[in-house]
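Here are a few notes to read alongside the model.

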Amino acid sequence: MELIDEHKSFGGWQRRYKHQSSKCQCEMTFSLYLPPQVATERVPVVYWLSGLTCTDENFVNKAGAQRAASELGLALVAPDTSPRGAEVPDRDQFDLGQGAAFYVNATQDPWATNYQMYDYLVQELPLQLGAAFGEHELIMGREAIAGHSMGGHGALAIGLNEGERYAGIVAFSPVCAPTAVPWGQQAFPLYLGDNQALWQQYDACELLRCAPAAASLPPIQVEQGLADNFLDEQLRPDLIEEAARETGADVVVNRREGYDHSYFFIASFIEQQLKFLREQLDQKPLPDT
């Protein structure tokens, strides 16, 4: 990994790295906030997945999360939203291609070569972090996941598929049921083909219904602004509530009057949700060393 940017922030360090990804077969970037506690102890990790058109920098520049992470002793990892580069396939629209990978492992050409974001996030990036920071700064076995919009979908899908790994899931304005809304119905055939059983592996509502035991799943907090212009057509938090009622899963949807889809919304509630994730992380057993 190569350090490409660094800033002191609330006693810790906001950094940006790049590295060559074997999964995505291109250079990837990610941002990492290390709180001041890493000077004397290892800290748990929260991954943040951003939404359509974003990069790894949107969250770290706009959410104002560093102050709360410093107080709580949390490392924040913000990966990019897709592979990038001149040789990486793209579409001239905001909700497909670069910046819009939907955190899946693509199976269809020309996307399959590079668009392996699920494996990048679940396998490759944690290995990079563990090799670079796991011995002294990070507790790689104590992890939680969060995200916004497309990234909220990614946090839900990854967190539910890898249920024993993550202590908690937070999703701001997530695409709760991508197989049932236009964004998913456009992206999934492109990346995954026509096999809708494969689509369901990335749909939080279907994953809740298919889980062997609700008690084995991490608790989920959804933050949803009621002035969000994507709410009724694309996000559908009512569908994840319905799936939770059917299965008994621990899902709480916080509806916030007057808030929209922007980072002003995220900044308003990020401290509350990082505290929630810290509580869940504290209950997770330490990994074997």
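1. Let's start with a helix and its packing. The buried residues of helix 5 pack against helix 4 (150-161), helix 6 (196-199) and helix 8 (231-235). Contact here means heavy atoms within 4.5 Å, and helices are DSSP runs of H or I with at least four residues, strands runs of E with at least two, numbered from the N terminus.

2. A word on the source: this is a predicted model, where local features need pLDDT of at least 70, side-chain atom pairs count only at pLDDT 80 or more, and totals for chains, interfaces and linings use all residues. Residues are numbered from 1 along each chain as its sequence is written, and side-chain values use heavy atoms, with hydrogens and water left out.

3. Helix 5 spans residues 182-192, and its buried residues are Trp183, Gly184, Ala187, Phe188, Leu190, Tyr191 and Leu192. They lie on the same side of helix 5 because they cover an arc of only 165° around the axis, taken from the directions from the helix axis to the C-beta atoms. Buried means under 20% relative accessible area, exposed over 50% and partly exposed in between (1.4 Å probe, protein chains only). Just after helix 5, Gly193 has a positive phi of about 85°.

4. Do have a look at His19 too, in strand 2 (residues 12-21). His19 is buried, at a relative accessible area of 5%. Leaving aside neighbours within four places in sequence, His19 is in contact with residues including Met1, Phe30, Tyr120 and Gln128.
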